[in-house]
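Work through the exercises below with the model open. Each task is followed by its solution.

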Amino acid sequence: AVCEQPAVGTELAGGRGSAGSRAQRRRPASSPSRCLLPAVGLRGVAAGGGYKGRGTSASPKKLLELLCSLSLPSRDSASPSRAQASLCAMAASRCLLLLLPWLVVAPHSPPGCKIRITSAGLELVKQEGLRFVEQELQNITVSDLHGKEGPFHYNISQVRVTDLQLALSDLHFQPQQHLAFDINNASISLRFRRQLLYWFFYDIGSINASADGVHIHTVLQLAKDGAGRLKISNITCNASIARMHAGFSGTLRKVYEFLSTFIISGMRFLLSQQICPSLEHASLVLLNSVLDTVPVRSDVDEHIGIDYSLLRDPAVSTDTLDLDFKGMFFPRAREDQELENHAVEPVIKDTERMVYVAFSEYFFDSAMHAYFQAGVLAIELQGEKVPKDLEVLLRATFFGTIFMQSPAVDAPLRLVLQASAPPRCIIKPSGTSVSVSAFLNISLVPPGRPAVQLSSMAMETKLSAKVFLQGKALRVQLDLRRFRIYSKQSALESLALFSLQAPLKTLLQLTIMPIINERTKKGVQIPLPEGMDFTKEVVTNHAGFLTVGADLHFSKGLREVIEKYRPAPTAPAEPSTQPSAEPSPEPSEGPHQL
């Protein structure tokens, strides 16, 4: 520790030397020797800076106050020497390193896409999930039950579930990251094979049993995995059976009724022990395979892809489940490229619809930035691809003089329209717009000769964007609203272009905009599992983001999706053995269990 040391030769505790006496006389009684900083760790520092041992601890705020006091000498102490000042500076730097975990706060990354599932949507999920649970419980396998009670030998086998009655069920949100699924007062009907041996008497038949008062309480914990995908990370399950009945028939019915206590109690125990393992496998394996169908990083087209990875674990309240997705597009040629998000974070307040999806300006800006980086925000028209109306207009107006001055006046015309910067999206309550800055180069292309550039014009356009949801695809329809063109070469040419504003806008609306809308026709998929679609979508604009409220619809059942993506069983490798001389025509049957 760095402490205020007395003079050399002074004893720290009870010293009697002369030097120690002189040091004590120089130091006022109100300023005892005190340790300023601990040598190692953050424990042992109390308010005021005195070291009081390992039994005390100090908060980061107090440590900061202590650190600041190092730069100022105490009023009632002598001025520190140069060596002491160096030691204090060294100790201060070490203390700063210790305080870094408290001083550095991880930044909150706003999502580009946010999805909220409400209680109404969870009710629909419960209906489909209940059918899935019934199917899983019907596939329960119960091990055989056999035993001996005096001269009686019994064996219960081939247990199978014949009917389920899950009348009372509930699926609800449970803060902070959980879904709770409860089944109360359910009944399970069973049928199994009986075998009884009493001395020389042997009886065989079937028994119908019913488990009543079945209670199942399951809690699913939702979390983000390493790849940014939503997963069921853990499950807690409790199952109990209140009572069980069995109906016996046959010649030895009285004997079975005598043994019913052993058989029924054993069957109830075995059945209750198989419910939770079955649901755990259904959740951690089968349902997670459905969540694997949610796209995380996928290709939109041949130029760009999208990153739908979760930024953090889901936030669960009593009525909603919120998922924050990155929602960033990237050029496929540079998939590691990141675009920093400075847009407004979407805020969803509504809870009436089943699901809400919010998109910030960053979502659309990253798409246009990715297209710009991929070099596809350019259109080149040459020769016959140039619309005849546009060519006639250009040759008949101010450009006619330029054409006449060129020796290749009859050469084909080439137009190159290219964005000069990534377009920007602006979302307001009144609507959504896209601002585009571009340049238009007009050239003549004589056959076998270099192109002759006639003019280079700058364009500033504003497009209105209609955002709508169809199925699970988010689509955008663009329309040209404002258009301004000016020359990059001279003010005189800009004045001459003024008369072309309206005709060029009309031709661009008729020729260029259909090409752009054809590229955006496919849209981009929303991160939902396969088999789940949106219906009755309503788009609402806000300041800096827009929301889509919709209802959910299952186009495929959970079982259908699971079976589609279930891995095919691999055939076991055939052993390399020598073939027998006389193969048996039929396989031998194994012994039957008595």
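**Exercise 1.** Which residues of helix 6 are buried?

*Solution.* Buried means under 20% relative accessible area with a 1.4 Å probe, protein chains only. Glu361, Tyr362, Phe363, Phe364, Asp365, Ser366, Ala367, Met368, His369 and Ala370 qualify. That is ten of 14 residues, and helix 6 is mostly covered. The model is predicted: local features need pLDDT of at least 70, side-chain atom pairs count only at pLDDT 80 or more, and totals for chains, interfaces and linings use all residues. Residues are numbered from 1 along each chain as its sequence is written, and side-chain values use heavy atoms, without hydrogens and water.

**Exercise 2.** Find the span of helix 6 and what follows this helix.

*Solution.* Helix 6 covers residues 361–374. Its first and last C-alpha lie 20 Å apart, close to the expected 20 Å (1.5 Å times one less than its number of residues). Just after the helix, Gly375 has a positive phi of about 75°.

**Exercise 3.** What is the strand order of the open six-stranded sheet, and which strands stand at the edges?

*Solution.* The order is 12-13-3-15-24-23, paired antiparallel. Strand 12 (315–316) and strand 23 (532–541) are the edges; each has a single partner strand, so one side of each lacks a neighbour in the sheet. Strands 12 and 13 share two bridges (pairing needs at least two by DSSP). Ala315 bridges to Asp322 in strand 13.

**Exercise 4.** Is Glu136 buried or exposed?

*Solution.* Glu136 sits in helix 4 (residues 119–138). Its relative accessible area is 8%, so Glu136 is buried. Beyond four places in sequence, Glu136 touches Ser278, Ala282, Leu286 and Arg559 (heavy atoms within 4.5 Å).

Technical notes
Helix = DSSP H or I, 4+ residues; strand = E, 2+ residues; numbered from the N terminus. Buried < 20%, exposed > 50% of the residue type's maximum accessible area, 1.4 Å probe, protein only.
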